[in-house]
Each structure stands twice: as C-alpha cells, then as structure tokens.
Amino acid sequence: MTGVGIFATIIIGILAGWIASRSLGRSHGLIVNLIVGLIGSWIGAILVSSFNLAPQPGFISSLVVSTVGAIVLLFLLGLFRRA
C-alpha cells in the first residue's frame, strides 16, 4: 500500500477484510478481517503488477486493491475448504 501510513494500513486492512467477507456471505471478527485484508493487499498488489497497471497512491486505491485481493483470498480458501 503506497502513500498511506501504518494507521491507515490497519484501517484499510480491516475495511477490505470486512467488505470481502460481506461480499462472499461470510462473517468474521475484527482480527480475522484485518489479517484477510492485509494478506489481500499483497495478493491485490501482485494482481495489479501482473496486469501491468500502475497502482495509484492513496487511501481509496489502496482500499480497492486490498479488497479485490481479499475477495480472491477468501474465494480460494473457500475452494480449498470444500475439497
């Protein structure tokens, strides 16, 4: 996450994890949402760089990238859990 501080990173992680869990119909606690959001930010950054997109610094773009990555993470974990 570029252009944000540590406090904003924590807020983005919590929001991204919460949005991802709600969009996939799951309910997690605050800490799990934070972990999912932070790991999702890494996955989102990998996806952005693999599509040769330049990530924009700032809160909103970091939230979007982290949320997309968190949704991908929860989707993949759901696939492994069912198998």
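For this chain, an unreviewed UniProt entry lists residues 6–24, 31–53 and 59–80 under "transmembrane region"; such positions follow the numbering used here, feature names are shortened, and annotations may be inferred rather than shown by experiment. The model is predicted, so local features need pLDDT of at least 70 and side-chain atom pairs count only at pLDDT 80 or more, while totals for chains, interfaces and linings use all residues. Residues are numbered from 1 along each chain as its sequence is written, and side-chain values use heavy atoms, with hydrogens and water left out.

Two of the listed spans may be followed in the model. Residues 6–24 are 95% helix and 0% strand, and their end C-alpha atoms lie 27 Å apart. Residues 59–80 are 100% helix and 0% strand, with 31 Å between the end C-alpha atoms. Helices here are DSSP runs (H or I, at least four residues; strands are E, at least two), numbered from the N terminus.

Helix α3 has 24 residues and reaches 34 Å from its first C-alpha to its last, close to the expected 34 Å; that expected span is 1.5 Å times one less than the number of residues. Its buried residues are S62, L63, S66, T67, G69, A70, L73, L74 and G78, where buried means under 20% relative accessible area, exposed over 50% and partly exposed in between (1.4 Å probe, protein chains only). These buried residues of α3 pack against α1 and α2 (30–50). An α-helix has 3.6 residues a turn, so residues three or four places apart point the same way.

G44 is placed in helix α2. G44 counts as buried because its relative accessible area is 2%. Leaving aside residues up to four places away in sequence, G44 touches V65 and G69; contact means heavy atoms within 4.5 Å. The C-alpha atoms of G44 and S62 are separated by 9.1 Å, although the two residues stand 18 residues apart along the chain.

The surface presents another aspect. I6, F7, I10, I11, L15, W18, I19, F59, I60, V64 and V68 form a nonpolar patch with about 1000 Å² of accessible area together. Helices α1 (6–23) and α3 (59–82) each supply at least two of the patch residues, and α1 gives the largest share, seven residues. Patches consist of residues with over 30% relative accessible area and no salt bridge, like charges being joined within 9 Å and nonpolar side chains (Val, Leu, Ile, Met, Phe, Trp, Tyr) within 5 Å. A salt bridge is a side-chain nitrogen of Lys or Arg within 4 Å of a carboxyl oxygen of Asp or Glu. Accessible areas come from the Shrake-Rupley method with a 1.4 Å probe; for residues, only the protein chains shown count as cover.

F7, in helix α1, counts as exposed because its relative accessibility is 63%. F59, in helix α3, is partly exposed, with a relative accessible area of 34%.
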